[in-house]
Amino acid sequence: MASSLCLNSCAAVPGAAKQILSSLILLHKFPSSLGHKYCISKTSASLSVPITDKKEIRSTDLVALEYADLNLTDKISQELGHVRIRQHVNPLSSSFSHLYLIGMKPSRIQHCHLWWILEVLVKRAEFWVKELALSNIHFMFANAAVSFKQLASTYPGPLALVSILCPDPHFKKRHHKRRVVQTPLVNSILTRLMPEGKVFIQSDVVDVAEDMRKQFDEESGVLQHIDTVDPSVLCDNEGWLLNNPMGIRTEREIHAEFEGAKIYRRLYQKRKGY
């Protein structure tokens with residue numbers, strides 16, 4: 001069976017609350033078209049939200065709405081406490097130089113998802129996996145630049161998807177070498193990716209997105225952008241995807257778009273015969 005690997009840099013809400021949050025999203029995205037106030041009614045209850053009052057909507061509310069159908073429990077907050085995420089880490093430090101391996105028997109492989117994310121989020125994700133009784137999703141805290149090649153080369157199933165979502169930007173030029181998408185990682189991905197397998201990249205930082213795009217665009221002999229394969233996939237005039245093809249946004253995407261940032265996305269497919 002195929003696997004997907006994601007390199008990364010919630011709670012349920014009742015139906016009435018979901019309706020309210022949906023209206024708030026409309027307010028946030030299309031304020032000029034809805035006028036000064038927007039009112040929704042459900043039986044005898046109603047809500048009137050002034051456009052100008054930003055306290056009425058928070059990005060965390062949008063996260064809850066986006067993930068409502070997943071029915072993720074909020075018990076994790078009691079287990080781990082407040083999840084505070086350090087935005088940037090140094091992947092060149094000794095603490096991130098260890099090689100991580102996962103041993104899996106081929107007979108137990110289904111459609112398996114492996115994720116590299118921050119350690120505190122690994123704990124939260126593992127908790128949810130256990131709560132939902134999922135056996136084909138695995139999370140790990142590791143440096144992809146160090147561990148990806150070995151893990152992918154020893155994995156007993158084909159690699160169908162690699163997604164790199166909002167990696168650390170490392171803004172200073174002297175720190176660009178810390179960015180996760182470097183030539184060795186790109187080569188490792190292309191070597192292991194199955195024919196017609198996909199690479200999805202995205203960032204809300206245009207410089208980072210352009211840097212990743214440049215490196216994958218240079219592999220046009222092996223990769224082709226998805227809009228050349230499927231003309232129904234829409235891109236803007238600069239070649240960025242108009243929508244997230246994964247069907248659900250990450251928390252980072254939700255927060256960034258709420259603040260008015262653009263998400264820069266590209267989706268590549270490996271050519272047949274490679």
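A polar contact here is a pair of N or O atoms within 3.5 Å, where one must be able to donate a hydrogen and the other to accept it. Keep that in mind as you move through this predicted model.

**Stop 1: the start of α6.** Select Asn143 and Ala145. Asn143 caps the N-terminal end of α6, with a side-chain oxygen 3.0 Å from the backbone nitrogen of Ala145.

**Stop 2: along α6.** Now select residues 144-154, which make up helix α6, and colour its buried residues: Ala144, Ser147, Phe148, Leu151 and Ala152. Turn the view to look down the axis of α6: these buried residues fall within an arc of 120 degrees, so they line one face of the helix. An α-helix has 3.6 residues a turn, so residues three or four places apart point the same way.

**Stop 3: Lys262.** Next, go to the loop between α10 (251-258) and β9 (264-270), where you will find Lys262. Show its side chain together with that of Asp236: the two make a polar contact at 2.8 Å. Beyond its neighbours within four places in sequence, Lys262 is also in contact with Ser203, Asp204, Glu238 and Trp240. To finish, pick the C-alpha atoms of Lys262 and Asp204: they are separated by 5.8 Å, although the residues are 58 apart along the chain.

Notes
Residues numbered from 1 in each chain as written. Predicted model: local features only at pLDDT ≥ 70, side-chain atom pairs only at ≥ 80, totals over all residues. Heavy atoms only, no water. Buried < 20%, exposed > 50% of the residue type's maximum accessible area, 1.4 Å probe, protein only. Helix = DSSP H or I, 4+ residues; strand = E, 2+ residues; numbered from the N terminus. Arc of directions from axis to C-beta. Contact = heavy atoms within 4.5 Å.
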